[in-house]
Amino acid sequence: MSEARSSVSRSVTLKAPVGEVWAVVGDFQGLDTWHPAVTGSAAGRVADEAFRILTLGNGAQIVEHLESAEPHAYRYGILRGPLPVAEYHAVIAAEPDGAGTRVTWSSQFRPTAPDADEVIAGVYEAGLAALSARFGG
């Protein structure tokens, strides 16, 4: 694949206040509690750096690094895993939207397969659909 970079972004508006939503979404180690493709999450630390090892339903694992965190957003990168991406950096953010909350999941990466954008979009859409089912959308 080329050195061209891609970006993918998906959002959903939920029928719950930002604090309630962020209590679930904002837990870097808790992706397995709300994303249907993730069956486990193991925490890791090296000095002040936080990592997570996600286990998927097929047994594959993804190692991710927490790059930064704010009150209702965090940025992370994938260090290794089966997704068709390299140099992947993403942000999950929540912001008030009327009486509810808008959650946005976005990333930039270098695709390593022709369908990388669709794969990443599918990951986001599955997670956001699960949040919508949980909080109302």
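Helix α2 (residues 116–135) lies across β1, β6 and β7 and runs at about 10° to β1. Contact here means heavy atoms within 4.5 Å. Axes are lines fitted to C-alpha atoms, for helices over the stretch in contact, and angles run from 0 to 180 degrees between N-to-C directions. Helices (H or I, at least four residues) and strands (E, at least two) are DSSP runs numbered from the N terminus. The model is predicted, so local features need pLDDT of at least 70 and side-chain atom pairs count only at pLDDT 80 or more, while totals for chains, interfaces and linings use all residues. Residues are numbered from 1 along each chain as its sequence is written, and side-chain values use heavy atoms, with hydrogens and water left out.

The sheet is open and has 7 strands in the order β1-β7-β6-β5-β4-β3-β2, with antiparallel pairing. Two strands pair if DSSP finds at least two bridges between them. At the edges stand β1 (6–14) and β2 (38–46), each of which pairs on one side only. From one strand to the next the twist averages 20°. Helix α1 (residues 18–25) also packs on the sheet, where α1 touches β1, β5, β6 (85–97) and β7 (100–111); the direction of α1 makes about 155° with that of β6.

Strand β5 can be followed on both of its sides. Strands β4 (residues 61–70) and β5 (residues 73–80) run antiparallel and are joined by 7 bridges. They form a hairpin with 2 residues between them. Glu64 has Ile78 as its bridge partner in β5, and the partner of Ser68 in β5 is Arg75. Towards β6, β5 is joined by 5 bridges, again antiparallel, and the hairpin between β5 and β6 passes through 4 residues. Gly77 stands opposite His89 of β6.

Arg52 belongs to strand β3 (residues 49–56). Is Arg52 buried or exposed? Arg52 counts as buried because its relative accessibility is 0%; the classes are buried under 20% relative accessible area, exposed over 50% and partly exposed in between (1.4 Å probe, protein chains only). A polar atom of the Arg52 side chain lies 2.5 Å from the backbone oxygen of Phe28. The Arg52 side chain also makes a polar contact with the side chain of Tyr74, at 3.3 Å. A polar contact is a pair of N or O atoms within 3.5 Å; within protein, one must be able to donate a hydrogen and the other to accept it, and residues adjacent in sequence count only if both atoms are side-chain atoms. Beyond neighbours within four places in sequence, the residues in contact with Arg52 include Gln29, Leu31, Ser41, Ile62, Glu64 and Tyr76.

Two residues stand out by their backbone angles. Most residues other than glycine have a negative phi. Ala47, in the loop between β2 and β3, has a positive phi near 55°. Ala47 counts as exposed because its relative accessibility is 70%. Glu87 lies in strand β6 and has a positive phi near 50°. With a relative accessible area of 44%, Glu87 is partly exposed.
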